[in-house]
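Trainee: I would like to go through the cross-links in this model and the reasons for their labels.

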Amino acid sequence: MSEQEAQKPKKDRSRLYTMIVRGLWIAFLAFFILFPLYVISVRVDFLGLYGGLPSLKALENPKNDLSSELYASDNVLLGKYYRENRSPVTYEDLSPNLVNALVATEDIRFTEHSGIDFKSMARVAWGLIKYILTFGASDLEGGGSTLSQQTAKNLYKTRGQNEGPLMKIPGLRMVIIKTKEWIVAVQLEKFYTKKEILAMYLNTAEFSSNSYGIKVAAKTFFNKPTYDLTAEEAATLVGMLKAATYYNPARNPENSMRRRNVVLNQMRKNNFLTQAAYDSLTPLPIVLDYKVDSHNTGIATYFRTVVQGWLLRWANEHGYDLFEDGLKIYTTIDSRMQEHAEDAVKSHMKSLQEKFEDHWGKEEPWRDEEGNVIEGFIDMLARRSKRFKSLEKKYGKDSDSVEIMMNKAVPMRVFTWETEEREKDTVLSPIDSIKYTQRFLHAGFMSMDPHNGYIKAWVGGINYKYFKYDHVMQGKRQPGSTFKPFVYAAAIDNGYSPCFEVVDAPVTFTVYKDGEETTWTPKNAMGEYTGERMTIRQAMARSMNSVTAFIMKRIGPTTVVDYAKRMGIQSRIEAVPALALGGGGDVSVYEMVGAYSTFVNHGTWTEPVFITRIEDKDGNTVYEHPSNTREALSEETAYLMLYMLRGATEEDGGTGAGIPYDMKEGNEIGAKTGTTSNYSDGWFMGVTEDLVSGAWVGGDNRSIHFKTINLGQGARMAMPIWVDYMKKVYADDRLDYEKKPFSRPSTSLSIEIDCDQYKTGETQEADSLIIQDSLENISEDDIF
């Protein structure tokens, strides 16, 4: 080969190189001439080719989806409502470590440029040129976007929204996107300070694990506020900005640690860390306090869900989006009292469930009125389940495959009292899982300030994750003897005295069943009539059905219904004789607590309150709860009813005798137990000067219950919850609750209420023959 032939490839390469350089110069010249015109055309969206940009108003008031936050009365965050779990912070809330890590890694000249870093752009452009000139032998440079540009991308969704026809061209689309981000970044720099832009960026960033914004991320991964983040923690979170899931420290710890150390190195290179600090931090493992925010966790889970329904209706009526508008909702719940209530429910229900399992053993507890196993009970529940319906949809309604799959064991996670987490992994068939869950007893508990209606604690069930049904407001059951105070309140308000005497003897009503006339004679809980003469205070204290029936016959069911409605019972109740024993309809714990509060609040019913005010994201009050009260009883009647309720803890044989002495000492307590037929429901209402509380316990289905009154009565099923709760409240020095007597009426009573001295001439004689006849026909079907 001649020397001339050998030199030819070199000349060809030199000629190609010259052509490339010349082409680049021409391109640069064209760029500097045409680029300003191109930017203007993007800015004005010429002919709608590019898609619009944010308006000046949008730039001045950037909208970012913000979680609405629910606060307790003691300013503890109870929970959030969101589509994206995001809460904003200001620059002042940020740790210097966080600011330094972010600037060192993402935009070291952040304080020097005005939205576009031309040095970085030049570096990227030169990298592109070298890549071309070396025919791909050199690496492409990246990282030209400033924090202002990234904020523009996050805040105004420049990718995927407001796209014009030209953005459908693959190569041109990214050029237009970048141009839009440059334009918006420059405008952001005009409207906001550097500190505001930096905080905006961190508020709009995504961190995976249902964490949007730095505040939620710091809480999720390290359980601390942003201002407390250490250098290595800040580096971990900043490292996630490159690829949130890939560098998630909980899911991919090795990736996260490598990336964290890259960020720490950037901090060292830019003099935010000393070499010694860097050397000491890089070997450290990532220590997490990881907890993903969930509607199933935290305190007051049932309350948060019930309140959400009210908030959605309110927001819809007033033009707000609960899940995006960053509302701050202030509730009446006291987080400390809520924790006491939840602890009391959990402690008692765990113990009660053990007794229930021992009581039934391997027997099936779903029983009919005669105590027989209900045939087809589980099959009925199975057919209502989502799994059964999905299987029917898949295989067909009459397919044998449905039954086969419903009886096939599969891995699942279920609720249990046995572990601290209240769940366990097991293998059960869907049918067996229904049998398993149906054996659990449930509870509802609410505590309220009777003077202003503020609800202080709300426990809707035993575990919200596995049992979503709320037993405070949503659930309604027969109240049993806890309804009797309405009967006695009506009587006292119509002239009867607590010391009025009645004989414990049968009372018979004429009733109509299926259109035919018959009689009904209510029986006492233990199936006996003593013939004893007793005051109605003693009778209510001992929950004597016969005496309540006597009063009901005197004043009439319609009068009782009227008084119950006045005192806040809104559920449908029938004006029937059985109402004397709580058999006229179903009511909620919410209603009962509100109604009993009338006695303490001097006869004035106050609507239970759970929200005091709502603020928008700027702190403006947009809602304040109006007081809703009405006069239900005279002040004297209300006080006399407190005297009646005290009988449960003061009279011999009172159903509140199990309340410990140390709680009664120096204190006045009103109490009423309730138990329904077959022991399906156990109730307890506890009344003090400052708190009125109610507890209900029972199975999800009325057919699931204890077999005996010894275990199934309200004093055993429900009262221990109230006792434990009140003990915790009184013992908590952070709370302002103390034992005290009930406040007396503003005027003197018109009657003497010392029932040991007061005697009335109007009594009823017992008839031993009627008693004997009634005893022979006793069944456990009567409500007491």
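Predicted model: local features only at pLDDT ≥ 70, side-chain atom pairs only at ≥ 80, totals over all residues.

Trainee: What makes Cys-499 and Cys-755 a disulfide?

Mentor: Their sulfur atoms are 2.1 Å apart, and the cut-off is within 2.5 Å, so the pair qualifies. A search of the whole structure finds one disulfide. Cys-499 sits in the loop between helix 18 and strand 8, and Cys-755 in the loop between helix 27 and helix 28, so the bond ties together parts 256 residues apart in sequence. Both Cys-499 and Cys-755 are buried.

Trainee: Why is the contact of Arg-537 and Glu-651 called a salt bridge?

Mentor: The closest N and O atoms of Arg-537 and Glu-651 are 2.9 Å apart. The limit is within 4 Å, so the term applies. Arg-537 belongs to helix 19, whereas Glu-651 lies in the loop between helix 23 and helix 24, 114 residues apart. Arg-537 and Glu-651 also belong to a network of salt bridges with Arg-646, Glu-650 and Glu-668.

Trainee: How do you know whether Arg-537 is buried or exposed?

Mentor: Its relative accessibility is 4%; buried means under 20%, so Arg-537 counts as buried.

Methods:
Residues numbered from 1 in each chain as written. Heavy atoms only, no water. Helix = DSSP H or I, 4+ residues; strand = E, 2+ residues; numbered from the N terminus. Buried < 20%, exposed > 50% of the residue type's maximum accessible area, 1.4 Å probe, protein only. Salt bridge = Lys/Arg side-chain N within 4 Å of Asp/Glu carboxyl O.
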